[in-house]
Amino acid sequence: MMTSDSLSSAGLYKGTRLRTDRRGLLRFRPGLDSHLAIGLVRNLQLAYLRGELRFESPVAQQMTHLMLFEAVMPSNVAAAAAAMGETFVWRDQCVLQWSAPDGRLDSRILSPLLQPASLDGVATTSATGTVLARLSQQLLDDDRAEIGDLQQLLGSYYAHALPGSLFSHVIGAAPHTALPRTTLAREQSRLALAHERVENKWQGAEAFGSALEHYFQMGTRGSGGWLVERIVQTCVQYSDNKPGNKGRMLQSLLPLSTQLDGADSISALILCWVIRLIEEGSVVEPDPRPGTVAAYVRVLATPLRAQLAGKDLPEMMADQYAEEYAAILDATAQGNRGNCGSAIKAWHLFLCEWLDAPPLEAASNGEDVIVIPRANVVWPHETYRMHDWIDQSHLDERLQYELHLALHLLTALRLRAKELFLLRLHNVIDHGETIEVEVAPMIRDGPTKSESGRRTQTIDDPKVVGLMRNWISRRRNEGAHTTDFVFGDPHRPAKIYRLGVMYVLLNRLLKDATGDPTVSLHTFSHTWVTSHLLDAFTHEHLPDTNPLELIAKDAGHLSAATTLFHYFHGTAAALRFHLDAEIRQLPLTSHMAETLSGIRATTLRQRTKSSGCPRNEVYWDAILGRTPSTSERTACSRMRLEEPTLPPYLQQAARPQFRDVVNTLKDLSAGFSVEEAAMRLGRPAHWVNSVLTETKRQFKDLRVRRSLANKAPLGMRSTSADIHLQNLASLGIDFGRSEQLKLAGVAAFLQRHCSDMTLLKPLVDVWRESFDRGYLLLADATSAGMIFKLLHDCNVGSDRLAIACCRRNPSSPTPEESVREAEFHMAFHSVFRLPPLIDGKPLRRNRPRYYLIWSGVPLESGKEVSSASSSLDGFHALMLGMAAHTFMTCSATSGSVK
């Protein structure tokens, strides 16, 4: 992006004045000397082509060519010439790459004018300055000429020959970042980069996804100081660089993802960062030791939460991030600033990858924490590979469709991750052959990043249009409202369906399909911008339109400078297009064309006569149409590449999830048909029928147990399996109440441990014995202790629980009753370390002698509890669903249920 300093360094180029407009783009105003400078450079080009220039060394000749024909300025020509020995062929073009002084990768597609012989034995000298000074004198034919004159002369010429944004890159005023050779090798070979298979990599994927989902759906509410403190303590505990300590650190952090209720979003995001830092490292430290991780977390985690709490990170600008980081560095002790700067860089790269945060453009507080954009793209064949993998996976059908649709949307449109997930049904407008997508979040979703954040984009790909239309129709058939999310959960309208799983899967698929650890969902934005800007640079447009501004608007950027500076990586191809157009204007003779093309002059004259085209056009077509012959080196040379295979995590057979069982029963009890419930769940109808059948069998068994326990004739109680789930509410089981807030911890606990049969089977058995017409019966101290422990592990507070004791005299228990109550008192105290509340009640028919009261609000001693707040119908629904799930898991063979 153009700054006042970079503009000053650009200087004046022979009367060509430079200025920046209000959006940061470089503009030119030709001066009186501009045409003179342009003519002088063209004469130098012709002299070079005729062989009239004399060079003291191959280095001088290469530098001359790079400056006259490749738009390499004298300030960069030494670095470019030093890299000439590493040129390679990509797409039948010779590519030169070198590192710019600011750390960015610069690149040129070399013209065929550069003779193959001049590439052999390339070596720069230590006297580069002397070579350039002599070259400047020779070219300008002036003993007083200095390198600054050559810089100004070439600058004036390229200011004329190139669009302003490309010239800004050439002079270093607003540099772009080129695609690295690894990215080009992936495209050329159609293979992935070879990478080491680490078994425990992504071991924390589930915990990471849960914490990331909490970040997106929690907003900025809550408090998480306790969580950050736990993270710091855990990292410090395993900070010794002993073998296995990093794994122990990770295993100790993973359970925190299940304890995020009430934690603010920034604390959950810090947990995500630490998990990825342990497993993947960062560009600063690819494989950090435990001590490094602990040092980063100790110096940054707490001030990071304090500084960024309550802020909408995806919508912050680069300068806002720089200010926040500068404040953190200012408050950091001098001896810790080095670690803090490295930690900030690792943290911000994490934000760039997962939240589409902009790279930092300047150092914060004098510390080296500049973050350069990661230049990368996703090639079409890699996207096709991901679609193929999704089709071969054992994921549930709904998640498969959503992954396909998300990939298509990210390819067809420029969407940030947050914008993708926040799309609502009313944002999708069907126009028949095209679909219009509005990026217009609701007020509850937070503000947009800039005034251009609210925008409209069009999908015209028939395949994507068809997929989107079918999905929207499906969502409406599920009963979704127009304000519901496109990727919404049909069972929780305010939530996105398996957001954490979906987001993590998309990123894992990208990394496995490319083999590149730096690629992420944000890379699709770089791909979209690079493709559209390259098309804009290489095609003519109406004179009254500015394609760069239109692309920036579709990208959601306030300025085209942001789009170019951060997201455009096709500069080499764009430069080659405009440089060739300018070179073609140089007049040639047939003998010059013969020397440069290798084709006989008589043949070229015959081509001119037979084609009827202008002579100069035919000559330049023959010259510039040659395939470069530099060497056998290609983009793939010396690269470790491999054929990617279906990742193991997609081959695992899908197990029946407790959440799916409960959602199925909730739908069926609400009146949905089996087919409708299957559609909403994304599973086949036979699976829904198996859940229904097993639930009815479990309930029949439950009713028989109650009948025998009460010694009543079976005929007096309904034992038929042919029951309707809608009628269960009258029997104390209500799936409609399974979403009660007070049950959130229990539902999360059961889902988290749904595959642990050694834990769940005893719990289900205890619940079977405790269920009594909607009550949670306390039959004895042992079973009561198991129930208390379950609730304690689910973070249910002791102030929400009470033990109801039905007595002959509610206010005064008998000695026998006191003994029983003391047993329950001890069982409760052994778990919660607090005495329970006792609620004395009169004996009543059909009411158990001892049962548990569970309120959604804190209870007060001596105050009557309302029946609504103490209802356990939702809890019994969860446990009945778990009973069905437990039996299905134990009896089904692996992979039989999808």
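Two strands count as paired if DSSP finds at least two bridges between them, and by that rule strands E7, E8 and E9 make an open three-stranded sheet in the order E7-E8-E9, with antiparallel pairing. Welcome to a predicted model of a protein of 898 residues, 55% of which count as buried. The fold holds 36 helices and 17 strands. Below is a short tour, from the whole chain to its sheets, cores and a few single residues.

**The protein as a whole**

- The accessible surface comes to about 38,900 Å², and carbon and sulfur atoms account for 51% of that area.
- Among contacts in the protein with a separation of 6 or more, 74% are between residues 24 or more positions apart.

- Strand E8 (residues 435-439) runs antiparallel to E9, and five bridges join the two.

- Another open sheet of three strands has the order E16-E15-E17, and its pairing is mixed.
- Strands E16 (837-842) and E17 (850-854) form the edges, each pairing on one side only.
- From one strand to the next, the twist averages 30°.
- Helix H34 (residues 781-793) packs on this sheet and touches E15 and E17. The direction of H34 makes about 10° with that of E17.
- Strand E15 (residues 801-807) and E16 run parallel, joined by six bridges.

- Strand E4 (residues 93-99) is largely enclosed by the rest of the structure, because five of its seven residues are buried.
- Strand E3 (residues 88-90) pairs with E4 in the antiparallel sense over three bridges, and Val 89 stands opposite Cys 94 in E4.
- The hairpin of E3 and E4 has two residues between the strands, and Arg 91 takes a positive phi near 55° there.
- E4 also runs antiparallel to strand E5 (residues 105-109), with five bridges joining them; Leu 96 stands opposite Arg 108 in E5.
- In the hairpin of E4 and E5, five residues lie between the strands, and Gly 103 takes a positive phi near 95°.

**Nonpolar cores**

- In soluble globular proteins, nonpolar side chains tend to be buried together.
- The largest nonpolar core in this model has 110 residues, and Leu 313 and Trp 347 are the ones with the most contacts inside it.
- Helix H12 (residues 265-280) supplies the largest share of this core, 11 residues.
- Leaving aside residues up to four places away in sequence, Leu 313 touches Tyr 215, Ile 266, Leu 269, Leu 308, Tyr 321, Trp 347, Leu 351 and Leu 355.
- A second, separate core has 71 residues, including Val 77, Ile 171, Leu 575 and Leu 588.

**Cysteines**

- A disulfide is a covalent bond between the sulfur atoms of two cysteines.
- The count of disulfides in this model comes to zero.
- Cys 235 is buried, because its relative accessible area of 0% falls under the cut-off of 20%.
- Cys 352 is buried too, with a relative accessible area of 10%.

**A closer look at Gln 62**

- Gln 62 lies in helix H3 (residues 58-69).
- Is Gln 62 buried or exposed? Its relative accessible area is 2%, so Gln 62 is buried.
- Gln 62 and Ala 82 are 20 residues apart in sequence, and their C-alpha atoms are 10.0 Å apart in space.

Terms used. Residues are numbered from 1 along each chain as its sequence is written. This is a predicted model: local features need pLDDT of at least 70, side-chain atom pairs count only at pLDDT 80 or more; totals for chains, interfaces and linings use all residues. Side-chain values use heavy atoms; hydrogens and water are left out. Helices (H or I, at least four residues) and strands (E, at least two) are DSSP runs, numbered from the N terminus. Axes are lines fitted to C-alpha atoms, for helices over the stretch in contact, and angles run from 0 to 180 degrees between N-to-C directions. Contact means heavy atoms within 4.5 Å. A nonpolar core is a set of buried Ala, Val, Leu, Ile, Met, Phe, Trp, Tyr and Cys residues joined through side-chain atoms within 4.5 Å. Buried means under 20% relative accessible area, exposed over 50%, partly exposed in between (1.4 Å probe, protein chains only). A disulfide is a pair of cysteine sulfur atoms within 2.5 Å. Accessible areas come from the Shrake-Rupley method with a 1.4 Å probe; for residues, only the protein chains shown count as cover.
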